[in-house]
Amino acid sequence: MSMYTSITIALICAMSGVLLANEGHSQPLTSVYVSLDLKNSDLTKILSAIEKQTSFEFSYTDEIRSITQLSIHVRNKSLNSVLGDLERTANVSFRQFNKTIAVSKRAAQRSALPSRVNGKVTDSQTGEALPGVSVLLKGTATGTTTDTKGEFTLDVPDDGTLLFSFIGYGTQEISVNAQTSITVSLVANSSTLNEVVVIGYGELEKTRITGAVSQVKSKELNSYNGSSFAQQLSGRAAGVVINDASAQPGTNPQILIRGIGTLTAGRYPLIVVDGFPLSEGSSFNSVPPQDIETIDILKDPASAGIYGSRAANGVILITTKKGKSEKLQVTLDAYTGVQERADKMKYANAKEAALFFTEARDYGYVSKDPLRRSATDDRATRIANGASLRELRLNYLQPYLDGQPGLTDTNWSDEVFRKGTMQNYSLSFSGGSAKTNYFVSANYFNQEGIVINNSLRRYSGSIRLDSKLSKRIDFGLSLAPSVNIQNYFDNNGNSSNDPLAGLEIMYPFFSPYNADGTLAISQQIIANTPEDGALAENPVALMNKIRYIRSFYRTFGNSFVSYELLKGLKLKTLVGADLVSNLADFYNPSDVGQYRGAAPKPASAIEGRDLNINYLIENTLNYSLHHGEHSLDAVAGYTFQKEDAKNTSVTGSSIADNNLPNIGGASAFSVVANRYVWVQVSYLARAQYAYRNTYLFSATIRRDGSSRFGNNSKWGNFPSVTAGWIASNESFFPKSKALTFAKLRATWGQAGNNQIGSYSSKSQVVSGNYVYGNSPASGFGATTIGNPNLSWETKTSVDIGLNLEFLDRFALTADYYNSDTKDLLLNVPVPEQSGFSTSVQNIGKVRNKGLELELSANDIDLGAVKLSLSGNIATNKNEVLALAPGQKQILTGTESNFLTRVGGPVAQLYGYHVTGIFKTQEQINSTPHLPGTLPGDYIVEDITGEGQITQDDRKAFGTYNPKYTYGFSGNLSYKNFEFSFALYGIQGRTLYDRGMALQEESGEGFGVPSKYYFDHRYHPVDNPDGFLGQPNLGNFSNNRKAVRASNLFYKDADYLRIRNVQLAYNLPTKWLSGVNMTRVRIYATANNLFTFTKYRGFNPDGTPLDNGVANNGITNNNGLTNTTQINNVLTNGLTSTTYPVARSYVFGVTASF
Amino acid sequence: MKKIVISIIICSLAVTACTDQLYQDTITSKDLSTFPKSEIELEEYVNATYGGLQASGLYGLYMPALGEIPSDNTFDEVPANDDGMYGQLDEFSTTTSNTIVSGTWRDSYQAIQKTNVVLNRLPEITYKDENTKKARSGEMKFIRALLYFNLVRLYGPVPLALGETADPNTYFGQGRTPATEVYAQITKDLTEAIDELPVNAGNPGRVIKTAAQTLLAKVYLTQANTAAAKTLLEAVVASGKHTLMTKPGDVFRIDNENNAEIIFAVQFASGVNGNNEGSAMFQIFSPSGTQSGAKGHNLPTKGLYALYTASDLRKGTYIDVTPAGIPLSKKLTLPTTVITDGGSDIVVLRYADVLLMLAEIENGLHNPTVAAGYLDKIRTRAGLTGTTAVTEEELTDAIALERRLEFVGEGHRWFDLLRTGKAITVMNQWFKDNGKSITLDEHNLLLPIPQGQRDTDPTIEQNDGY
């Protein structure tokens, strides 16, 4: 090819009036219409008039300015033909490169002789070749695009400058400087305004979004190595709080969007995968993070409202990857790493614990009758004086008290926790032909928990196919089967099966193993029986002996056909299904003991099975019209979704031996069967209109019918309207380099929450058998009280937002919202003489308001170093505006210390304010005190000032719901190196650490104390300056029980976490071309590298998990069913020994060819 | 175009079919709006009402403890265990958030509501045999009366609810019903029950006429209406329906349940319905360390054990000691399946109680000889000689002692102390004798109202002193 060929091709194209548009990404010029009326005008003026009416920009050199005296008069003419006219009249040529149209004087010849340049364009982050990138010689119409390998050839003058541009990437200029080979890596642009955002039943250019929508991309997600996208979302989007409430592998984190708008209904956001809304609360683990392309989060009801009665908690839209280009691309991602505990929990050692237990038992004994009893009384004297078991010293501790060397001192945390490994292998193939694209992936993920014998394995795959069957018919199919196998334990605080709860009461005087290396069984139980110390079984033995395997088999998929009825009018039919089959297999053998029970004990076995089928039929009609200054997108549709779930749990007992470790070995059985169905029928419609791409309007309506609601209230309507104004598109808006984009937004909308289980509107009558003599008699009695008027809760929200871009690099998104949720689905505690403890009613009102800011700086060019930064901060304040008529508050929790009161936020921690400790009886006598206060107990503030401490002296101390959350992340690249990091922080959170209140820091002398408590406990002789209550076991007073609900245990759980730090190296392209690879990237990542917090417990995200309650609200004792939780918003922030978040170090490689 | 037409047709057809699907019935539970509607269904509700008595807040666990652990008969070996729920009752440090206090309240009202549902539905349902229908009415009234009798003795005035609940909100602001009104309702229910109930039970464990008579007598006795109580108790004796077992060892034998001495017992069975018809009482009330998960709550005191003389046949059959010398009640049998599946029935009323109540009444009516006669029936059966008590005062003490010895573990002693007005003096002396600095006052005679109920509805006022 001659050196002029490219130019010639360009010229031929230009002269023939054909403007080369890059495939797909931007609007074709034929569908953009302009109206112009200019006489004797400069060409530049005409071009700027076109710029104002369209989203295109013109790029030209000064020589164009000399073209003047042009007249043009067109009305609603396509831009394509307008430019064609101009080419002839002005003797110029136009070429479109995405949103930029290059203008050059026709037949302009360069003086310098061009020379041949070969080059390759890759993605700076992934190293993948980028096909279709525009390569333009600056100031000319000379250019080309890269081929499928990302390569190009162009003849350019030696002193020329090449402009590389591509949708979604920052434009780069490269001086040719006589090079013949140029390698360019483009930096992905995370906030390019022309990106497309998925909005539910459609997508929209980012510039035209008027609601509060946050988008997170695959790259950001996968910089954190975890089992599900939810953990990866942490800190990535303002107003989206991710709480790793129990970090056991395979456990779903809690996702909260814009605060808590409900009290006793579910708080799950709706998760929609490729258009299929998942059943609320279903596991996230089935979607491997590597297969996710983008996550779009609809935060305000106006955006989310298209999902109607399920959208009040926000909507998370997941778009999985699909094939992009024709060329086969194979990508392998493999990483392996190690995880370790990252909490600050520290227990006392054996010597300290021995002193503590002895102090506690002595003081318990003496304080019951100080005049007659003394700590020096021996065992016989104590028994003669009527001492109870817990007032006797533990019989085996004397050697520890004497400081004898060489005694057992087990650090049980070291035995129960371990360093766990984590590995992931993902292999994907993508490619296609002109009409069909495919993406196929296979994934294996294996994560060992940081607790022994605890792990998650996942095998998953996905197939996605998109095909243009004919000019008018599109077809798509996706299928994602997965198997998750969890080696699980219930982190439920029961020390008979939860090794973390076991840590609290497992004394350091015992070993996990016998001298011969076998597991030590029931040693502490036997040793502690004479004095009734903690009768705890060895947690290492529990984890080794008890088998609890949960298997989740899931196939998820959908397919659609879309047919273009008329130009711009498409009918789409989508059918999707989510098939879930789970098996929980539990066996607790006889040869390990349990709390208060030494082995052997009767063995037990549980087998739980779930079979859930959820399917969706959806018909939508899309219409899109772009005519002149008007642009309209509309959608209307009908959807039907049904879930049919069956669960059986069989508990087997009377197991004679441990030969068959499953229900097969049992001879007596009890069965709990649980089935439910829910159906939702919906009609939806939305219109989005833009005038001159400057004034944006949209209106949405959804009408939902749900089987969950009472017969008197099946249907509800959820409307919303939005408006936006792109001020920077106005002609009067000062064109400045500094402020390059400005948009104002406002929305109003309503969305609903229906998460109350399938049958809450009914009075359910369940089995309650009896036995006459020994003959069983079938019995059925009501356990819940129905409500035929039961309906959804409605969230009405106003959102005002602002988007600004400066210098095309810095973007700011700000949103203020105010949401009122009314008709709360409240599980109202009712007077129990009704025969019921609670009743679900539509009652009350909660307000949430907040401010969200997202800031980003992209592609900051510091010479060889390229830098991108982004940060977000969100505040949320919630307030209960009303409860049931006449009801002022709900006080709940075992210690009655979670207060939800009208005028305050949801679930405030409520209790006494401890100000110090009493050291003498005289001091108690002269100070207002709680009934049953002993020396060494706590001084409680007399808030009412009435001279005595009553329940009225309690006050509120903050909530789990943080006042604000923030995230900050950055990406720095230098040559082939890249460094990225992300931080996540939570401010204004208070936790109730019930584990500490009852065990580690109670001073009760039953559980093992924390090191902190031990160091700061008060003891008149051993530690007279201590400020925590004196150890007291036998006579643990009501004062000490009452202050479990006090500031002592309301812990400041603010934290700032270094979520991930990653260093990556992209192998130079020239090394790879020989082996036919397009990209090899090697990376090392540290996740949760450090957490800055004052909190001393296990997990500052700890809060009750949602497991264990089936969809109809009936507790399923095997904890298998992972559906709607009920009734734990009100105890938000209750934590005990919650599985801690792990720190991990990962090394990986990504290779493409 | 054809395709479009087809899809539109499918769409619109689907719409109607789908809208019908919005009405979904429960699948694995029944629905109170359509159940119970027939005899067989109402019988299931009746069974569930009896089943309600098995709840841990009632005769599954707490009731026998509430009736005895505050007294000098039983104590909590490890008072701090289980968050002190038993220990607080034992040591009179009961808090408003004690889970026994809240559990018994809740389970009582849940069972009462079941009786209300049956009584409300009964008139509209046709029974094959009118007598069965009448008996069911009597059974429900007996159970309702028993539960209100417990409630009013434990908590004082309590809310009175007698109808089937349609809207639970209507109970807000109801407050507490005066004790006299509660007693009036108990009396009314039992009086009607006596008329409706059959002499013989259709199945073992069902409420019979003598059960209602005995319970009403106890209610009258509690209200010091000895004349009315005497008439009823004598009718029970005269019915010939009940006799004392010849040996104490036969009364609680697991293979001799529902014997002629038992008037009413809440039924439990081991190994039935997938181990769901037993109680955990044996486990919870066994001395710590003697059984898997044993908690040592509600153990007989050493003082009580010492009161059994060497020749007392009840020693070793009603009560025994572990090798370590810790007394335990033998009225419960070790489960053969799992430890929480105890099969022993919990006896609420038995003939020995009838005789000892008569002894108490006759003594109060200045008939010490007649009283001694009733008393000696129990003593003789226990292998003891006749009472040496002669004066009314001596007999009062002898009868009270005999009740302690005879009914250990059955949850009577605390109610006896309350009924006879001796709780404060007896218990203060007992604590003094046992070196414990615990003193009772008037407020300790009632439990607190559960904090949760006060939080829900502040019109339910708290008892004084809590």
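**Salt bridges and a sheet in a predicted model**

In this predicted model, a network of salt bridges links E261(B), D312(B), R314(B), K331(B), R350(B), R379(B), R381(B), E402(B), E406(B) and E410(B). One of its pairs is E406(B) with R314(B), whose closest N and O atoms are 2.8 Å apart. E406(B) is buried at 0% relative accessibility, and R314(B) is buried with a relative accessible area of 0%.

Elsewhere in chain B, E44(B) and K30(B) form a salt bridge at 2.8 Å, N to O. The pair connects helix α2 (residues 39-52) with strand β1 (residues 30-31), 14 residues apart. E44(B) counts as buried at 14% relative accessibility, whereas K30(B), at 26%, counts as partly exposed.

R1044(A) is in the loop between α17 (1038-1042) and β55 (1050-1052), and E1004(A) in the loop between α15 (994-1000) and α16 (1011-1016), so the pair ties together parts 40 residues apart in sequence. R1044(A) is buried at 5% relative accessibility, as is E1004(A) at 9%. Over all chains, the structure has 78 salt bridges.

Chain A also contains an open sheet of 4 strands in the order β46-β47-β48-β51, with antiparallel pairing. β46 (889-892) and β51 (955-959) each have a single partner strand, so one side of each lacks a neighbour in the sheet. Within the sheet, 2 bridges join β47 (residues 898-901) to β48 (residues 908-911), and F898(A) has L909(A) as its bridge partner in β48(A).

Terms used. Residues numbered from 1 in each chain as written. Chains lettered and ligands numbered in written order. Predicted model: local features only at pLDDT ≥ 70, side-chain atom pairs only at ≥ 80, totals over all residues. Heavy atoms only, no water. Pairing = 2+ DSSP bridges. Salt bridge = Lys/Arg side-chain N within 4 Å of Asp/Glu carboxyl O. Buried < 20%, exposed > 50% of the residue type's maximum accessible area, 1.4 Å probe, protein only.
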